[in-house]
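Please go through the model below with attention to its charged pairs, its chain contact and one of its helices. The explanation follows the structure.

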Amino acid sequence: MFSQFSKRALGLTAVLAVATTLLLTACGSSGGNSGNTVDFSGTLTIWHDWSGAYLTAKQQIVQAYEHLHPNVHITLVNQTDDTKTENAVKAGTGPDIVQDPVDHVGTLAAAGVIVPIDQYESASALTSTYTQTASQSVQYGGHVYGIPEVTEILTIMYNKKLLTADQLPKTTDDMFTFEKTYSQQHPGSYGIVWDVNNVYDDAGFFYGYGAVLMDGNGNSTVSSQAGINADTYIAQYNSVLPKDINGQTATALFNEGKAAAIIDGPWAYTGYGQAIGADNLGFATLPVVNSTNTPVEPFVGGKAFMLTKNAKNPALAIDFMKFFTNASNQATMCASTGEIPSNIAAGQDPKITSNTAISAFVQQVKTGGVPFPNTPYMGEVWTPLQKALTAVWNGSETPQAALSQAQTTINQGVQQIKQAQGG
Amino acid sequence: MNEQPVSAASIKAVTATGTATKTVAITGERAGVASLFRRFRKNSSLAGIYVFLGLMTIFALFPLYYVLQASFNATQALITTNLQLVPTHPTLANYQYVIQQEPFLRWLLNSIIACGVATLIALICATSGAYALARFRFRGRQVSLLFLFALQTFPGLLAIYAYYDILTLLHLDGTIIGLSLVYAAGNIVFGVWNIKGYFDTLPIELEEAARVDGASYFTTFMRIILPLAAPALAASALFMFIGGWNEFVLAKLILNPDNNSLTVPVGLFQLQQDQYTPWGYFAAASVLVSLPLMALFLYLQRFFRSGLTIGSVKG
Amino acid sequence: MLRVSRMTIAAYLLPTFLVIALIDLYPIFYTFNLSFTNKSTFNTLDNSYHYIGVKNYQYVLQQTGGDFVQVLLITAFYVVVCVALFAFLGLITAMAVNHPRVRGKGFWGNALILPWTVPTFVTALIWKFLYNYNFGPLNQIIRLVTHNASAGILWLDQPTPAFIAVVIANIWMSYPFFMVISLGALQSIPADLLEAAQVDGASGWQRFRYIMLPLLRPALLPATILSAITTFQMFNTVYLITAGGPFTSGNINNPGATEFLMVYMFDRIQNNGNFFVNYGHIATVAVLVFIVLFALTMMSLRFTNLARETKR
């Protein structure tokens, strides 16, 4: 639900830079799995969710791989519906690789659509190459199920023409005061905006207040006192933010200079830079929750490559995934897409460390963030909680009532999944 | 099976209502009706009627006008909380953007292919069956007709998983041609009904006479009946096409989300949903997709409503 | 009727019926069949799903039975309100245009029919634009009239305004159809009939009630019923404007204020964006929706002459 944000145009220079670097570094980085002889021929089909300029950037790496292995042909298809993936895999017409947000890992693994790749990449090898959170996100049920592509997290972006860094709120109480005073001082404008009824955007507040949206065993505490506190906190913004605020309105307001700051992710900052001027875009970490003294902890998620049951040449598929995510490819790609590299070495590359945006997102990961659950149970949380948030925001329900209804629905959903898994 | 717009229902209504709507006020009678109405309404205020018509016209036209002017408005100007009814700095930038930066023309092409192929399949498959149902008597005929009628009430959306399976097996999943197959499913049932209804109105003596002249039934069907049924075939084709043109939900579920594979309704929806896409682009795209259809419709309405003239004498 | 051999009949029918069997019947059979199995994401690939009798029906009716009834009720309410309003508006607009002393009939006719010519998805998206809280013209007008910069109706975020919003949009796109039908029917009323009534001293209302209305009936009744069925199955106009919302509860089974039957079905199929799908449950809801639609259509057969047509 958060992977569909459209991606903004990237500089042509950046793309060219990717291509050049790839050609220079490709040879050394390929073939990481010693002992396995890889047959570098045939077709690899990848179902992915890249679009627009992101796609252009990623295609550079794909082309470099094809250049490196002339007998390999790679087909890219934009298709991310898991139901269709499963159908296609069953019919034998599915892709070799799926690139999906990491929260799909559990469901796809439990369904048997993707297969473990421990024999090609052990958990320890994974952890030594990729960041802790990224490595965790592709492991499910004690197996490695994928190679992490990129990491994503939400943070605060602000307009330097309207604010200075020291004006930004440090705590959640500050944030609400800031919101009130800013709109009082600037009628028609808003302090800080975000997609307030979006579960992904609000998850950080829930975790910051001490509620857990979903753990690996199917337990959720959205209706706990902590959850109620979080929702109460969010809902009070109804009095100061536009009443029908959503992602679209928030973006429009920020782009127009009618909002001083926005909570959003790596996919969005290029667009904001274009709207308000890249030099005017500042970054800050999310505030600390006063009552718990814990920072607001948004999901640390991302995308990963996974090997499907259909893969005709698994060794080749894995080799491609590793090539795609090697240090130099990641550094060049992320420097242009603004995504956070999952590869540790890439994160230390000067191209990345000198990039203020990526550094800011990395800083947010360090300051506060929880691994994006990749259990199938997480899927049962989105809609009930989103409906609860909306109902409370609109004043139709109290946080207590709405969240306890959501909790019941979530529990039923989890129960359904457990039954399906058992039978 | 596709959602029938009200306009598609109209053809059924017009067929179904039979004589009542088809009866035309003979022009000569008009003067009589007019004088009668003059007396009949002498107490009612003509001004009141004009006010009512004026308000209705505002209701009818305001949304269209607003979108039209928005399409010429710079995006900045639309994100305002003040009412603006005239573009401050008229520009064609929105149109340019939609055509050059968004795959708008591709969406149009996709829609034309999906609807065109679906219409073609359905027409070919429906016509012979409709003829048999209209002209031949056989056991199970009545049941078949009722059965077809029942099929019409089954929206394709309900069987979406079956279509996923069929399309995957045919290697057509996510494609425009696959979508057209699903559209054809709805069209064919509509087609059989609609075309059969027209065949029913053709005198059976046509075939009998041809038979006497030594022509086979098949020759008669191809040479005489089909040309005579051309208006019904054309009307059915048009409604099938428009039905698909308006269809959103199946296209949304079946097509790959890649921006280039969408049909116009899904593409336009995506354009409006898009986080960074302001209203101007959407408005321009709406105007582009509506104008040709509106023109076509206004032109064709004379044929649809033969007899349902709205003061066309004075128009 | 033509006397022909069975072979000939089969030759004409077979192509049609084969295609219908493949792309219409099979999917329906598939869905019914699915509703009696426990097929889900987890047992699809290894084909380990099996028949579980009517358990899905028990589960669905138990879990969502009340909600399903609620969806049917709000859908029926929506249909009644919409059809009544646009049929009425269409009729009086037609009477106004048809008024003998009204000039410019061509202009009024063409202007008032325009909403009908707009593709339905465009209509829906235009109205969604108009209803936008901050930047939509409807609220801008309200602010202009009230001189209050922060005034405005939350059209799509409050249950009642959202319901009204989709009703207005539907009236806008549907009344011209009734106007056209009514105009045709009005013009077909013999003049001497009304004249005779007038001579007999019938009042304006009486002439409308006892002469015009009965004569309009054959044209308007089928149109009304077919519109009602169309409205019952309406998807575009509602979904593209409100997506079934606003939702007023954390229980996902509780329908939103405008979550009418087909939108409800679509939401089940979307499965709330969840990757885990219980196909059996969704197919069960689909079968229930089908039963409702089928029953309604069969009932409406009585009111139109479609039933007679099958006997011809």
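The side chains of C:Glu259 and C:Arg268 form a salt bridge, with 3.3 Å from N to O. A salt bridge here is a side-chain nitrogen of Lys or Arg within 4 Å of a carboxyl oxygen of Asp or Glu. C:Glu259 and C:Arg268 are both buried, where buried means under 20% relative accessible area, exposed over 50%, and partly exposed in between, with a 1.4 Å probe and protein chains only.

The model is a predicted one, in which local features need pLDDT of at least 70 and side-chain atom pairs count only at pLDDT 80 or more, while totals for chains, interfaces and linings use all residues. Residues are numbered from 1 along each chain as its sequence is written, chains are lettered from A and ligands numbered from 1 in the order in which they are written, and side-chain values use heavy atoms, with hydrogens and water left out.

Side chains of opposite charge can pair when their charged atoms come close. Over all chains, the count is nine salt bridges. One of them joins A:Glu339 to A:Lys58, whose closest N and O atoms are 2.8 Å apart. A:Glu339 sits in the loop between α13 (327–337) and β14 (340–341) of chain A, and A:Lys58 in helix α2 (residues 52–68) of chain A, so the pair ties together parts that are 281 residues apart in sequence. Helices (H or I, at least four residues) and strands (E, at least two) are DSSP runs, numbered from the N terminus. A:Glu339 counts as buried because its relative accessibility is 1%, and A:Lys58 counts as buried at 0%.

In chain B, the side chains of B:Arg135 and B:Glu207 meet in a salt bridge of 2.7 Å, N to O. B:Arg135 belongs to helix α7 (residues 104–135) of chain B and B:Glu207 to helix α11 (residues 205–212) of chain B, so this pair ties together parts that are 72 residues apart in sequence. B:Arg135 and B:Glu207 are both buried. Back in chain A, a network of salt bridges links A:Asp49, A:Glu152 and A:Lys303.

How many salt bridges are there between chain B and chain C? The count is zero. The contact (heavy atoms within 4.5 Å) takes 134 residues from chain B and 122 residues from chain C. The area buried between chain B and chain C is about 11800 Å², and carbon and sulfur atoms give 75% of it; buried area is the accessible area (1.4 Å probe) that two parts lose on being put together, summed over both.

B:Ser286, in helix α16 (residues 279–304) of chain B, touches B:Val67, B:Leu268 and C:Val122, not counting residues up to four places away in sequence. With a relative accessible area of 1%, B:Ser286 is buried. By contrast, B:Leu55 counts as exposed because its relative accessibility is 55%. B:Leu55 is placed in helix α4 (residues 46–71) of chain B.

The last element is helix α17 (residues 382–393) of chain A. At 1.5 Å a residue, its 12 residues should span 16 Å, and the end C-alpha atoms are 16 Å apart, which agrees; the expected span is 1.5 Å times one less than the number of residues. Of the 12 residues of α17(A), 11 are buried, among them A:Trp382 and A:Trp393. The buried residues of α17(A) pack against α8 (199–209), α9 (225–235), β13 (299–307) and α18 (399–422) of chain A. After α17(A) comes A:Gly395, with a positive phi near 80°.
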